[in-house]
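Good morning, and thank you for coming.

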Amino acid sequence: MQLNRPERIRTAVTACTAALLGTSANASAQAGKVDSSLLIYSEVNRVQAAEGVVDFKKTVNERRSYGLRLVLDALTGASPNGATPSTHVQTFTGASGSTGYTAPANEIPLDDTFTDKRLALDGTLVESLDRVTVVNAGGHFSIEHDYSSVGLSGGVSRDFNRRNTTLSLRGSYNHDTVSPIGGAPAPFGTMPPPTNNGGEGDGEGEGEGGGSGPGEGKNVGDVAVGLSQVIDRETIFQFDYSYGRSSGYLNDPYKLLSLVQNESDAEPGEPLAYLYESRPDARSRQSLFSEVRRYIAGGTVDVSYRYYWDDWGIRSNTVDFLSHLPIRGGRALEPHVRWYRQSAADFYTRYLVDGASIPSYASADARLAGFDAWTAGLKLSFTMNEFDVLSVGAEYYTQLGERGPPAIGILQNYDLFPKLDVFMLRVGFTHGF
Amino acid sequence: MKTIIRVMLLVSIVAAAALLGACSTVGVEVWERDIMAKTEMQPDYNSVDRALDDHIYFSKEASSGGRGLGGGGCGCN
């Protein structure tokens, strides 16, 4: 593109001003940017997914910019349904109630009728009120076969101390509607037997006939306060506190609990029935997040720590390390390591025992169990020219469950935590204009 | 529970105010912002990758929030 003289001068002045004010010279000199990414997600023997993102940002003038983000994902495969293994083949009713699926003997039962697609659209408008105050407002919409969400978000940030300190306040509210196939099951309701012989892979899962049940609502509100501080020429520090509250239908309608025989029954640990889970109808979440980003010897290092707690009894610690290491010819390597540990929810239990009193709430969802998780990844990026960056990355994620209390009867013979191994491949392309 | 939340909020506000006071003595001058202006030093650097990561962790773990705002918006959890 051939710029005429006034435009060249204006571009140069904009770049210099942006550098002085501490924003990206490139980002400010360019009127916009498109970030796109494709993620291939593959769980060993379980869910397979593909997710595409297109993120568009445009600067309208020196005071206003907007962004749009489109996310499309599709997934299929098997997911643990919460039931315990058995020495016998187990048959479960599919979500629609008309078909079933079976789990082989001695294996953690997986619901292999799981399939879904999701479309999410987010929009944000950012406006500078004055030199140091920025406000933003956004909207969110997403839809799946059995789930939809609409939301609003907003925030304000203000710079202090020669623009070395930024305080921010953010908030969001989402109203989600869950429409389980066949309707929302009653808490601790017994799973009915399949109405035909079922069989594996009939394919009527989340993906087909979605939304046939009545909708259940869920409201999710979040607020966060943040402090960003430039420490020195190479170091910036970030601190955030966030509080969120969810209320309404918080169950996973497809998760089960095995009601197993007790020690005095004929086959201790073998299932007698499958019950639907029961979770509280409200949840308060809080987190403290801190991050240090530092420029070291031509590269950057980003280390963050998060402590999370909620009133379901879950506590978690997350440490994340990401580095950007330029190598020759506009290329850069980005190693990423993450460690995560969570404690189990108060009402998490792997199974219920026949004859024992049923608690108010119980879930065998592995995501509410105590476990450790590791992520390790490497990304390679190529700066092709002034406007275009291509990146290719691979990551591995694994979850390792806690060895719970001694199990009953035959269940002592199994590792009851469904171990998860995931391989991810992603390709990204950024174009500035 | 509400008392705990109020105490947490109060502590956060006091801590933020204290940090803000302390912060007035650190930082850089306008002409020292060359490194801060680099793309990889920006707060929204890698935001698409981070969003993809957060979506995965939200669907596989019980925690949410931290860098961004917390939950909702996806039937995956």
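The side chains of E61(B) and R338(A) meet in a salt bridge, at 3.0 Å from N to O; the term requires a side-chain nitrogen of Lys or Arg within 4 Å of a carboxyl oxygen of Asp or Glu. Because E61(B) lies in the segment after α2 of chain B and R338(A) in strand β17 (residues 331-342) of chain A, the pair joins two chains. Helices (H or I, at least four residues) and strands (E, at least two) are DSSP runs, numbered from the N terminus. Both E61(B) and R338(A) are buried, where buried means under 20% relative accessible area, exposed over 50%, and partly exposed in between (1.4 Å probe, protein chains only).

A word on conventions. This is a predicted model, in which local features need pLDDT of at least 70 and side-chain atom pairs count only at pLDDT 80 or more, while totals for chains, interfaces and linings use all residues. Residues are numbered from 1 along each chain as its sequence is written, chains are lettered from A and ligands numbered from 1 in the order in which they are written, and side-chain values use heavy atoms, with hydrogens and water left out.

Let me turn to a second pair. R67(B) forms a salt bridge with E291(A), with the closest N and O atoms 2.7 Å apart. This pair also crosses between chains, from the segment after α2 (47-60) of chain B to strand β14 of chain A. R67(B) counts as partly exposed, at 27% relative accessibility, whereas E291(A), at 5%, counts as buried. Salt bridges that share partners join E291(A) and R67(B) with R293(A), D302(A), D320(A) and R50(B) in one network.

What of pairs within a chain? R283(A) forms a salt bridge with D310(A), the closest N and O atoms being 2.9 Å apart. R283(A) lies in strand β14 (residues 282-296) and D310(A) in strand β15 (residues 299-310), so the pair ties together parts of chain A that are 27 residues apart in sequence.

Finally, the interface as a whole. Here 92 residues of chain A are in contact (heavy atoms within 4.5 Å) with 59 residues of chain B.
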